[in-house]
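I opened my notebook to work through one structure. My plan was to look things up one at a time and jot down what turned up.

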Amino acid sequence: MELTKSSQSLTRIRYAVLTIFIAQGLCFSSWASRIPDIKAIFEVDYALLWGMILFLIPVGKFVAIPLAGYLVSKLGSKIMVQVSILGYASTLLLIGLAHNIYLLGAFLFCFGVFWNLCDISLNTQAIGIERRAGKTIMATFHGGWSVGAVLGALIGFVMIVMGIIPTWHYIIITCVIFVAVLINRKYLQNDETASQSEEKKLQKEEPALMSFVKKPEKLLLTLGLLGLFALIVESAMFDWSGVYFEEVIKAPKSLQIGFLVFMIMMAIGRFLTNFAYEKLGKLKVVQTGGFCIFIGFFISSLLTGIFDSMIINVIINSIGFMLVGLGISCMVPTIYSLVGAYSKTPVSIALTILSSISFIGSLIAPILIGGIISTFNMKYAYMVIGVLGLCIVLITYMLPKVDTAKVAETAN
């Protein structure tokens, strides 16, 4: 017999959702940590072609946006979290089993679909818990994702050094995620928020998909634009940081730690986010993050190759990647937290609208970066992405004035 909401403690519910956030981060990072190896297995040397292959992931995510909004509204996030995280892990396994470039592309597309389904449904669960708790805890959930991602990066690094192929690596990760979901699934909650009656009324009057026809709130449009640039930055690090250490720095396998140090700093930053809110306010946290992104990318781009020592080059780029990780860490949790706290649109629909705007960044990133690399080189590509850190700072001044005042004063 499944436990009811009243028989569960809020703490246990939070741990269950946090565990699935960790599982999602582990799944993603397991893929990202082996990108250079998979690129080598399929012998893709042309950067633009590899960018087009990676492009299939955000295409899958983008295609899933209206599907995610509809399914979460119709079936509830409780069911969709389970379906999506298990599908996400299963697709990771299929990527490891792919034996030609066409199957790889198809599985990457499916990986993107389940990724977005998991994002929308899992963040809907998190927003419901945040509202029930009555305080800002979104950064903790996203910190859990980062912990999983760091764990995945560490495991990936060990697998690479030991020479274990991605297939066996992904089999292990898939089994771990299935066990974690089976243990925690009963603690997931039905979608109940303060505005649940309004959501039900809206769903009766018009389908969730029709919300795209209506003009979204200015807050959602602005946060969507902020998310767009943030996702380009994330894609530059998730998809290309391993390749950067391998092809630009030409570091040996034992020193290819760029993705790992980025993920570690991203995790640390997310757990410090709530503390930073209290000291600076949410707007200044995002602005500081934008400057860190700008400085980090330019450290890596401008200082690589100045010194002959491989160790010095690895240290310099690690510092740059750490600054980028710290800067990007606050972006997504802050955006989701602001949607939950200030948006007047029902949560599942608001997240869908937000995703439809911000995920354009994921669509742009692979082709943009691959094109710049093919025309110039990867250092120029990272300089261009670094400028987006300054764009993030400028976007914070576009927030609606009434919300800006609230956000600046709000900590927890």
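This is a predicted model: local features need pLDDT of at least 70, side-chain atom pairs count only at pLDDT 80 or more; totals for chains, interfaces and linings use all residues.

Here are my entries, going from the whole chain down to single residues.

**Entry: the overall picture**

I looked up the secondary structure and got 18 helices and zero strands. The chain has 412 residues, and 58% of them count as buried. Then I checked the contacts between residues at least 6 apart in sequence, and 88% of those join residues at least 24 apart.

**Entry: cysteines**

How many disulfides does a search of the whole structure find? I got zero. A quick reminder for me: a disulfide is a covalent bond between the sulfur atoms of two cysteines. I picked cysteine 330 and looked for its closest cysteine sulfur, which belongs to cysteine 292. That sulfur is 8.4 Å away, so it is too far for a bond; the cut-off is 2.5 Å. Cysteine 330 is buried, with a relative accessible area of 3%. Cysteine 391 comes out at 23%, which means partly exposed, because buried needs a value under 20%.

**Entry: helix 7 and two partners**

Two packed helices are described by the angle between their axes and the distance between the axes. I wrote down both numbers for each pair.

With helix 1 (residues 10-33), helix 7 (residues 138-162) has axes that come within 6 Å and cross at roughly 35°. The crossing is right-handed. Sorting the residues of that contact, I got 13 nonpolar, 11 polar and one charged.

With helix 6 (residues 101-133), the axes come within 9 Å and cross at roughly 145°. This crossing is right-handed. On the helix 6 side, the contact uses Asn123, Ala126, Ile127, Ile129 and Glu130, and helix 7 brings Met138, Phe141 and His142. By class, I noted five nonpolar residues, two polar and one charged.

**Entry: helix 15**

I followed two residues here. Leucine 354 sits in helix 15. Is leucine 354 buried or exposed? At 4% relative accessible area, leucine 354 is buried. Skipping residues up to four places away in sequence, leucine 354 touches Leu220, Leu223, Gly224, Ile335, Tyr336 and Val339. I also checked leucine 225, which is 129 residues away along the chain: its C-alpha and that of leucine 354 are 8.6 Å apart.

Serine 358 is in helix 15 (residues 347-358). Serine 358 is buried, with a relative accessible area of 6%. Leaving out neighbours within four places, serine 358 is in contact with Gly224, Gly227, Leu228 and Leu231. Phenylalanine 62 is 296 residues from serine 358 along the chain, yet their C-alpha atoms are separated by 9.8 Å.

Helix 16 (residues 360-375) has 16 residues. From first C-alpha to last it reaches 23 Å, close to the expected 22 Å. I listed its buried residues: Gly361, Ser362, Leu363, Ala365, Pro366, Ile369, Gly370, Ile372 and Ile373.

Two of those names came back when I looked up serine 235, a residue of helix 10 (residues 218-248). Serine 235 is itself buried, with a relative accessible area of 10%.

Key
Residues are numbered from 1 along each chain as its sequence is written. Side-chain values use heavy atoms; hydrogens and water are left out. Buried means under 20% relative accessible area, exposed over 50%, partly exposed in between (1.4 Å probe, protein chains only). Axes are lines fitted to C-alpha atoms, for helices over the stretch in contact, and angles run from 0 to 180 degrees between N-to-C directions. Helices (H or I, at least four residues) and strands (E, at least two) are DSSP runs, numbered from the N terminus. A crossing is left-handed if the near helix is turned anticlockwise from the far one by less than a right angle, and right-handed if clockwise. Ala, Val, Leu, Ile, Met, Phe, Trp, Tyr, Cys and Pro count as nonpolar, Asp, Glu, Lys and Arg as charged, and the others, Gly among them, as polar. The expected span of a helix is 1.5 Å times one less than its number of residues. Contact means heavy atoms within 4.5 Å.
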